Amino acid sequence: MNFIWSKVCNKPRLCFSSITAAAPLCRLLHIGQQASLTKAFSSRDVELFAELTGDTNPLHLDPTYASTTSFETPIVHGVLINGLISAVLGTKMPGRGCVFLYQEIRFPAPLYIGEEVLAEAEVRKIKMSFAFIAVTCSVKDKVVMEGEVMVMMPEEQQQKG
């Protein structure tokens, strides 16, 4: 067996490969690793989500109704906000092939239509083929969603014995 030094996430890691030059067998995900994306949801995004899911709560769709609430204007569905976390996990970290298994989330403040939200994820723990990730969605200093998720990493990112 050859020892090969490879750079993964700008950190040298010792990886094992077979004499037949198989791909390095090292974990590509590490504790502290982060990924993010930003998005501003439009009224049309919220309407399409309502059509797809059947969640036609007027708090999200009707400005007249929303004006009678403490929110005063329509707010984005919480689960639509959570979809940004799914996008971060499925496209950036761990990325393609990961499976979202569990989540515990809270919505401490509303996200209003048109506000640019930053969705962030940070790896807190890795155990066997599972990554435990802290997630947050915020608008400037206002947290609109936070929690923890567990994903099963794609096989190519799992530690090999």
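**Reading the model**

Author: We may begin with His60, which is buried because its relative accessible area is 9%, under the 20% that marks a buried residue. Please keep in mind that this is a predicted model.

Reader: Where does His60 sit?
Author: His60 belongs to helix H2, which spans residues 58–61.

Reader: And which residues does His60 touch?
Author: Leaving out residues up to four places away in sequence, His60 touches Val46, Asp55, Pro74, Ile75, Val76, His77 and Ile113.

Reader: Val46 is on that list. Which residues of H1 are buried?
Author: Val46, Phe49 and Ala50 are buried in H1. They lie on the same side of H1, because the arc they cover around the axis is only 100°.

Reader: What do those buried residues pack against?
Author: The buried residues of H1 pack against H2 and H4. On the face turned away from the buried side, H1 carries the exposed residues Glu51 and Leu52. Just after H1 comes Gly54, with a positive phi of about 85°.

Reader: Let me step back. How many helices and strands are there in the chain?
Author: The chain has 4 helices and 7 strands. Along the sequence they follow the pattern β-β-β-α-α-α-α-β-β-β-β.

Reader: How do the strands form a sheet, and in what order?
Author: An open sheet is formed by 5 strands in the order E3-E5-E6-E7-E4, with antiparallel pairing. E3 and E4 are at the edges; each has a single partner strand, so one side of each has no neighbour in the sheet. From one strand to the next, the twist averages 20°.

Reader: Which helix packs on the sheet?
Author: H4 packs on the sheet and touches E3, E4, E5, E6 and E7. The direction of H4 makes about 55° with that of E5.

Reader: What holds paired strands together, in general?
Author: Strands of a sheet pair through backbone hydrogen bonds, in either a parallel or an antiparallel way.

Reader: Then how many bridges join E6 to E7?
Author: There are 10 bridges between E6, residues 130–139, and E7, and the two strands run antiparallel. Within this pairing, Phe130 stands opposite Met152 in E7.

Reader: What about E4 and E7?
Author: E4 covers residues 99–106 and E7 covers residues 142–152; they pair in the antiparallel sense over 7 bridges. Here Arg106 stands opposite Glu146, while Ile105 stands opposite Gly147.

Reader: What lies between E6 and E7 in their hairpin?
Author: The hairpin has 2 residues between the strands, and Lys140 takes a positive phi near 55° there. Lys140 is not a glycine, yet its phi is positive.

Reader: Is Lys140 buried or exposed?
Author: Lys140 is exposed, because its relative accessible area is 80%, over the 50% that marks an exposed residue.

Reader: What is Cys137 in contact with?
Author: Apart from neighbours within four places in sequence, Cys137 is in contact with Ile81, Ile85, Val117, Leu118, Ala119, Lys142, Val143, Val144 and Met145.

Reader: Finally, what share of the chain is buried?
Author: Of the 161 residues in the chain, 37% are buried. The accessible surface of the chain comes to about 9,500 Å², and 55% of that surface belongs to carbon and sulfur atoms.

Reader: And what share of the contacts joins residues 24 or more positions apart?
Author: Such residues account for 57% of the contacts in the chain with a separation of 6 or more.

Notes
Residues are numbered from 1 along each chain as its sequence is written. This is a predicted model: local features need pLDDT of at least 70, side-chain atom pairs count only at pLDDT 80 or more; totals for chains, interfaces and linings use all residues. Side-chain values use heavy atoms; hydrogens and water are left out. Two strands pair if DSSP finds at least two bridges between them. Buried means under 20% relative accessible area, exposed over 50%, partly exposed in between (1.4 Å probe, protein chains only). Contact means heavy atoms within 4.5 Å. Axes are lines fitted to C-alpha atoms, for helices over the stretch in contact, and angles run from 0 to 180 degrees between N-to-C directions. Accessible areas come from the Shrake-Rupley method with a 1.4 Å probe; for residues, only the protein chains shown count as cover. The arc is that of the directions from the helix axis to the C-beta atoms.
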